[in-house]
Amino acid sequence: MQTLKSQSGPESAPFVKWAGGKTQLLAKLDAQIPQFTRYFEPFLGGGALFFHLSSSRSQFSAQLSDANRELVNSYNVVKHDVEQLIDVLERHEKNYRRAPAEYYYRLRSAQPVSDVESAARFIALNKTCYNGLYRVNRSGTFNVPIGRYRNPAICDKDQLRRANAALRYSEARLTACDYKQALRKARAGDFVYLDPPFNPLSATAHFVDYTRNGFGEKDQIELAQVFRELDRKGCKVLLSNSSTKLTRELYRGWEKSRVRVVRAISCKASSRSGYCELLVRNYAL
Ligand SMILES: C[S@@+](CC[C@H](N)C(=O)[O-])C[C@H]1O[C@@H](n2cnc3c(N)ncnc32)[C@H](O)[C@@H]1O
């Protein structure tokens with residue numbers, strides 16, 4: 001692992017494998033990255049682009065946020081208390097191996113009080129639940145069933161330490177808040193990457209339950225307004241979303257490209273074969 005003072009960032013990868021992770025998109029996104037020194041990612045999720053940038057670009061400062069409080073708490077713990085977190089995750093891994101289903105459901109209904117215990121629960125469930133999904137019911141309770149894994153890496157020490165180095169290297173500020181609140185601080189020249197819950201391709205392909213309130217059509221329309229406001233402020237904005245009639249219309253007139261990707265979020269294998277993702281930006285390359 002490189003030291004925190006080195007010029008190029010530490011090699012890293014998201015420690016959360018988010019449903020619909022963007023790994024296939026990274027090459028396409030990488031080709032569209034502008035020059036920047038301040039980076040905003042207000043729909044952080046697994047933070048695939050942030051971790052990619054921190055290992056491939058010179059040092060920048062990062063403002064990372066998400067509406068999911070448990071997720072943001074986990075990043076904060078990875079940044080500030082990674083060794084304590086590793087200890088707790090090792091305990092979860094041992095207990096899970098003894099009786100996977102029993103342990104999974106016990107952990108799922110647990111209500112930890114400390115930040116470290118809460119982060120460890122979040123990560124352990126993420127690594128062992130069905131498809132790495134995050135979904136909550138109307139009262140905000142995580143309700144994903146156990147996934148089928150032979151030997152899940154609940155405590156990947158190297159990956160956690162690399163994530164810790166990446167967060168410290170970019171002096172990442174991690175905030176649990178709505179994206180609009182996070183973007184109030186963005187100013188001219190900042191690079192903003194928007195990766196919202198995607199607009200569903202059909203009424204049945206609906207997966208936006210990352211938060212209690214979901215992210216519907218009205219939210220997509222408001223997000224397009226925020227995109228225009230950021231443009232007026234002089235920010236460099238890159239957005240990814242599913243390519244649907246609504247999104248193509250909302251971003252009419254901006255620089256667009258389409259990428260074919262496979263997402264592992266449908267329960268039907270046939271629906272996981274791929275679809276088009278839309279990339280929209282407001283700057284020239
Ligand atoms: C498509 S995921 C982001 C994926 C991420 N780029 C990655 O690499 O894994 C969307 C994220 O937006 C968050 N989110 C949903 N509604 C939000 C809101 N109103 N403000 C901020 N974050 C929100 C969800 O909690 C989720 O983490």
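1. Two residues are in contact if their C-beta atoms, placed from the backbone, lie within 7 Å. By that criterion, and not counting residues up to four places away in sequence, V192 touches F40, L183, A186, L230, C235, K236 and V237. The model under review is predicted: local features need pLDDT of at least 70, side-chain atom pairs count only at pLDDT 80 or more, and totals for chains, interfaces and linings use all residues. Residues are numbered from 1 along each chain as its sequence is written.

2. V192 has its place in strand β4 (residues 191–194); strands (E, at least two residues) and helices (H or I, at least four) are DSSP runs, numbered from the N terminus. A residue is buried if 20 or more other C-beta atoms lie within 10 Å of its own, exposed if 12 or fewer, and partly exposed in between. V192 has 26 such neighbours inside 10 Å and therefore counts as buried. C235 is 43 residues away from V192 along the chain, yet 7.0 Å separates their C-alpha atoms.

3. In soluble globular proteins, nonpolar side chains tend to be buried together. A nonpolar core is a set of buried Ala, Val, Leu, Ile, Met, Phe, Trp, Tyr and Cys residues joined through C-beta atoms within 7 Å. The largest such core here has 61 residues, of which L85, L89, V192, L194 and V237 touch the most other members. Helix α6 (residues 115–128) supplies the largest share of this core, six residues. The core lies between domain 1 (23–68 + 170–207 + 215–281) and domain 2 (69–133), because both give residues to it; the domain bounds come from an automatic or database domain assignment.

4. For V237, neighbours within four places in sequence are again left aside. V237 is then in contact with V192, L194, F227, L230, D231, R281 and N282.

5. Helix α4 (residues 82–98) packs with α6 at an angle of about 45°, the axes being 9 Å apart. Axes are lines fitted to C-alpha atoms, for helices over the stretch in contact, and angles run from 0 to 180 degrees between N-to-C directions. The angle makes α4 oblique to α6, on a scale where under 35 degrees is roughly parallel, over 145 roughly antiparallel, 65 to 115 roughly perpendicular and the rest oblique. On the α4 side, Q84, L85, V88, L89, H92 and Y96 meet V116, E117, A119, A120, I123, A124 and T128 in α6.

6. Helix α3 (residues 69–80) also meets α6: their axes come within 9 Å and cross at roughly 110°. That angle makes α3 roughly perpendicular to α6. E70, L71, N73, S74 and V77 of α3 make the contact with D115, V116, S118, A119, F122 and I123 of α6.

7. Helix α2 (residues 48–56) is largely enclosed by the rest of the structure, because seven of its nine residues are buried. The buried residues are A48, L49, F50, F51, H52, L53 and S54. They pack against α1 (26–30), β1 (38–41), β2 (61–66), α7 (157–169) and β4.

8. Most residues other than glycine have a negative phi, and most peptide bonds are trans. N131, in the loop between α6 and α7, has a positive phi near 60°. With 18 C-beta neighbours inside 10 Å, N131 counts as partly exposed. E171, in the loop between α7 and β3 (173–176), has a positive phi of about 45° although it is not a glycine. E171 counts as partly exposed, with 13 C-beta neighbours inside 10 Å.
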